[in-house]
Amino acid sequence: MSAPRLGAHMSVAGGMARAVEHALAVEATALQVFVKTPNQWAARPFGPTEAADYRRAAGGAGLAEHTLAHASYLINLGTPDATLWEKSIASFEDELARCDALGIPWLVVHPGSHVGSGTSAGCARVALALRRILGGRTGGAGVLLENTAGQGNTLGARPEELAEILRGAGDDDRLGVCFDTCHALASGFDLRAKDGYERTMDAFGTTVGLGRIRGIHLNDSQGDLGSRRDRHEHIGQGKIGLEGFRLILNDPRFASVPMVLETPKDDDLAEDRMNLGVLRSLVGR
């Protein structure tokens with residue numbers, strides 16, 4: 001088995017190519033970025049050479065095919081509110097276009113919230129949005145639905161919900177899943193030891209299919225099993241512990257899947273170096 005592709009979510013302050021510089025500084029072989037400010041609807045235009053500079057930097061670093069973008073937190077494709085739904089679709093289409101310009105292969109999005117309309121209605125709403133979005137595209141970046149912690153009315157805590165959305169969106173090959181370890185534990189999937197890990201993978205395998213997992217977020221969890229708390233912790237310092245990460249890092253089914261940290265850190269990236277060091281120490285064990 002080849003070494004897993006490991007990296008972290010990196011800041012793009014100062015230009016998109018800065019994220020590649022940060023990745024190289026921690027010897028990352030995978031990367032995640034925002035392609036616009038995640039808590040604002042408006043997106044600033046890329047600078048005259050910004051997209052080309054990013055593509056050149058990512059290609060030179062060997063990261064071009066192993067990068068994820070994460071969509072804005074404001075987007076809610078599951079809402080029953082027509083105005084917000086249309087605004088979310090337009091924003092998501094813009095982010096996909098920005099991924100295309102940068103050569104980023106996958107855009108990760110939370111399925112959203114049904115806002116009280118019910119899980120089935122919410123999943124149908126997300127599926128309809130994705131069918132419309134992808135129907136207007138001929139190529140470029142694909143979409144990864146992220147499993148969620150299950151707080152409130154959020155969709156996607158269960159793989160059955162993700163599968164329902166994928167089916168409703170037409171099982172398009174430009175659709176997949178991003179598996180978040182913190183969210184999995186918080187939503188009730190015990191991946192801390194081998195038996196529970198295999199049950200978790202069986203649950204995802206028989207619904208969405210493990211081949212559709214095209215990105216992985218490696219986050220320990222402040223909340224315990226079934227807590228429904230979306231609170232990330234440093235690797236080995238939360239409720240998952242090292243064994244759960246050892247299992248996923250050494251699973252040959254995910255050998256080529258980019259795995260990225262979304263753990264707390266300062267600008268000097270010391271925490272990224274620490275967490276990546278812990279993860280690398282588990283490979284091959």
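Two strands are taken to pair if DSSP finds at least two bridges between them. On that basis, G7 of this predicted model stands opposite V260 in β10.

**Barrel**

Eight strands close into a barrel, and their pairing is parallel. The order around the barrel is β1-β2-β3-β4-β5-β6-β7-β10. From one strand to the next, the twist averages 30°. Strand β1, formed by residues 5-9, is mostly covered, with four of its five residues buried. This strand runs parallel to β10 (residues 258-261), to which four bridges join it. β1 also pairs with β2 in the parallel sense, over three bridges. In that pairing, A8 has L31 of β2 as its bridge partner. The bridge partner of V108 in β5 is L144. The strand pairs described here are collected below.

| Strand pair | Sense | Bridges |
|---|---|---|
| β1 and β10 | parallel | four |
| β1 and β2 | parallel | three |

**Helix α2 and its surroundings**

The buried residues of α2 (residues 50-60) are E50, A51, Y54 and A58. Seen down the axis of α2, these residues fall within an arc of 95°, so they line one face of the helix. An α-helix has 3.6 residues a turn, so residues three or four places apart point the same way. The face of α2 turned away from the buried side carries the exposed residues R56 and G60. The buried residues of α2 pack against α1 (17-25), β2 (30-33), β3 (67-70) and α3. Just after α2, G62 takes a positive phi of about 75°.

**Packing of α2 against α3**

Helix α2 packs against helix α3 (residues 82-102) at an angle of about 60°, and the two axes are 8 Å apart. That angle makes α2 oblique to α3. On the α2 side, the contact is made by A51, Y54 and R55; on the α3 side, D100, A101 and L102 take part. By residue class, the contact of α2 with α3 comprises four nonpolar, no polar and two charged residues. A51 and Y54 belong to this contact and are also among the buried residues of α2.

Terms used. Residues numbered from 1 in each chain as written. Predicted model: local features only at pLDDT ≥ 70, side-chain atom pairs only at ≥ 80, totals over all residues. Heavy atoms only, no water. Axes fitted to C-alpha atoms, helices over the stretch in contact; angles between N-to-C directions. Helix = DSSP H or I, 4+ residues; strand = E, 2+ residues; numbered from the N terminus. Parallel < 35°, antiparallel > 145°, perpendicular 65-115°, else oblique. Contact = heavy atoms within 4.5 Å. Nonpolar A, V, L, I, M, F, W, Y, C, P; charged D, E, K, R; others polar. Buried < 20%, exposed > 50% of the residue type's maximum accessible area, 1.4 Å probe, protein only. Arc of directions from axis to C-beta.
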